[in-house]
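Subject: Handing over a structure, with notes

Dear colleague,

I am passing a structure on to you, and below it I have set out what was found when going through it. Please look at the structure first and then read the notes beside it.

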Amino acid sequence: MYHNFEEIMKEIRKNTDKKNIAVAAAHDSEVLECAALARNEGIAAFTLIGIEDKIREILLSLGEKPDMWDIIHQPDDKKSAMLAVELAAEGKADAIMKGLLHTSDFLRALFHKEYCLVPQKALVSQITVSEFPQENRFILLTDCAINVCPSYEDKVQIIRNAVSLAHKLGIHCPKVACIAPVEVINEKMPETIDAAMLSKANERSQIRDCRVDGPLALDNAVSAEAAAAKGISNPVAGSADILLLPNLCTGNALDKALRYFANLKTGSAVIGAGVPIIMTSRSDSAQNKLHAVALSVL
């Protein structure tokens, strides 16, 4: 089991055959800085799609040799995104990264039916992976960026996506806490009802390969002392590996709190398509962007 991002990157560096990431609209200094860092760290290879002159100019400013990079000239952002998706669909790219283009254009290409990159009935969701240094392990939060107000059925798939990533991190039977303001069922709080249904569905093997419990408040999901103080005793309480957040507002705020208040090392993953998707925020540090790249090629 991996305990931190350095362990992940150390393992990836051992692979001589590096996975390739297609970057749509790559003519962006922050995206190319991340790509250069990942390439020089031995994490991944890249195909840069975008305005070639700008890409070369930025690479030079970063101390890179543009001729050593795979660059495809495509000045149209929408076509750039479609080309990245096409490369992934043809097996020429192992992951796709969003560059300097609107998220809507990027997602429209991702969901284009011609390439079938997102399977029918699949749900694409975002997962924030954070180091949890007090316990020398990772903790996963989902969904912090894509699904605004997920339904019960959406939450089932969001859990499955997070569990698949947890397995890659070496967590064989991840503990999933369905987060709510309180740990009792309250009909005025729909998230508590969804949590109870998800917990029962897991108990009846409708959700497999993990342990699900809820509703749980954040404190008794991650703190054994808080769980004991409230008389909650089950395998998930106090030691959750995955926090299923009730909506995007909660997830997004908690994601940013981890970085800006707690200064924790995080990385973002987007799961559910045929290949991993990298969609980092412009406010993310270069290190956190590198972590996102590492998660995509793990």
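A residue is called buried here when its relative accessible area is under 20%, exposed when that area is over 50%, and partly exposed in between. Please keep in mind throughout that this is a predicted model.

Helix 11 and its partner

By that rule helix 11 is mostly covered, since 10 of its 12 residues are buried. Among the buried residues are Asn-288, Lys-289, Leu-290 and His-291, and Val-297 also belongs to them. The helix runs over residues 286–297 and reaches 17 Å from its first C-alpha to its last, which is close to the 16 Å expected at 1.5 Å a residue.

Helix 2, made of residues 29–40, packs with helix 11 at an angle of about 65°, and their axes are 9 Å apart; the crossing of helix 2 with helix 11 is right-handed. On the side of helix 2 the contact involves Glu-30, Glu-33, Cys-34, Leu-37 and Ala-38, which meet Ala-286, Lys-289, Leu-290 and Val-293 in helix 11. Sorted by kind, the residues of this contact of helix 2 with helix 11 comprise 6 nonpolar and 3 charged, with no polar ones.

Helices 4 and 5

Another helix pair is formed by helix 4 (residues 77–89) and helix 5 (residues 103–110), which pack at an angle of about 35° with their axes 8 Å apart, and here too the crossing is right-handed. Lys-78, Ala-81, Met-82 and Val-85 of helix 4 make this contact together with Asp-105, Phe-106, Ala-109 and Leu-110 of helix 5. The residues of the contact of helix 4 with helix 5 divide into 6 nonpolar and 2 charged, and again none is polar.

Aromatic pairs

The count of aromatic pairs comes to 2. In one of them, Phe-5 and Phe-138 stand edge-to-face, with 5.0 Å from centre to centre and 65° between the planes. Phe-5 lies in helix 1 (residues 5–13) and Phe-138 in strand 6 (residues 137–142), so this pair ties together parts that are 133 residues apart in sequence. Both Phe-5 and Phe-138 are buried.

In the pair of Phe-46 and Trp-69, the ring centres are 6.3 Å apart and the planes are at 35°, so the pair counts as tilted. Phe-46 is in strand 2 (residues 45–50), whereas Trp-69 is in the loop between helix 3 (52–61) and strand 3 (70–73), and the two are 23 residues apart. Phe-46 and Trp-69 are buried as well.

Backbone details

Two peptide bonds deserve a look in the viewer. The bond from Thr-142 to Asp-143 is cis, with omega near 0°, and Asp-143 lies in the loop between strand 6 and helix 6 (152–168). Gly-214 and Pro-215 are also joined by a cis peptide bond, with omega about 5°, and Pro-215 has its place in strand 8 (residues 211–216).

Finally, Ala-25 has a positive phi of about 55° although it is not a glycine; it is found in the loop between strand 1 (20–24) and helix 2. Ala-25 counts as buried because its relative accessibility is 0%, under the limit of 20%. Asn-136, likewise not a glycine, has a positive phi of about 55° and sits in the loop between strand 5 (125–132) and strand 6. With a relative accessible area of 44%, Asn-136 is partly exposed.

With best wishes

Note on methods: Residues numbered from 1 in each chain as written. Predicted model: local features only at pLDDT ≥ 70, side-chain atom pairs only at ≥ 80, totals over all residues. Heavy atoms only, no water. Helix = DSSP H or I, 4+ residues; strand = E, 2+ residues; numbered from the N terminus. Expected span 1.5 Å × (residues − 1). Buried < 20%, exposed > 50% of the residue type's maximum accessible area, 1.4 Å probe, protein only. Axes fitted to C-alpha atoms, helices over the stretch in contact; angles between N-to-C directions. Left-handed = near helix turned anticlockwise from the far one by under 90°. Contact = heavy atoms within 4.5 Å. Nonpolar A, V, L, I, M, F, W, Y, C, P; charged D, E, K, R; others polar. Phe/Tyr/Trp six-rings, centres within 6.5 Å; stacked < 30°, edge-to-face > 60°.
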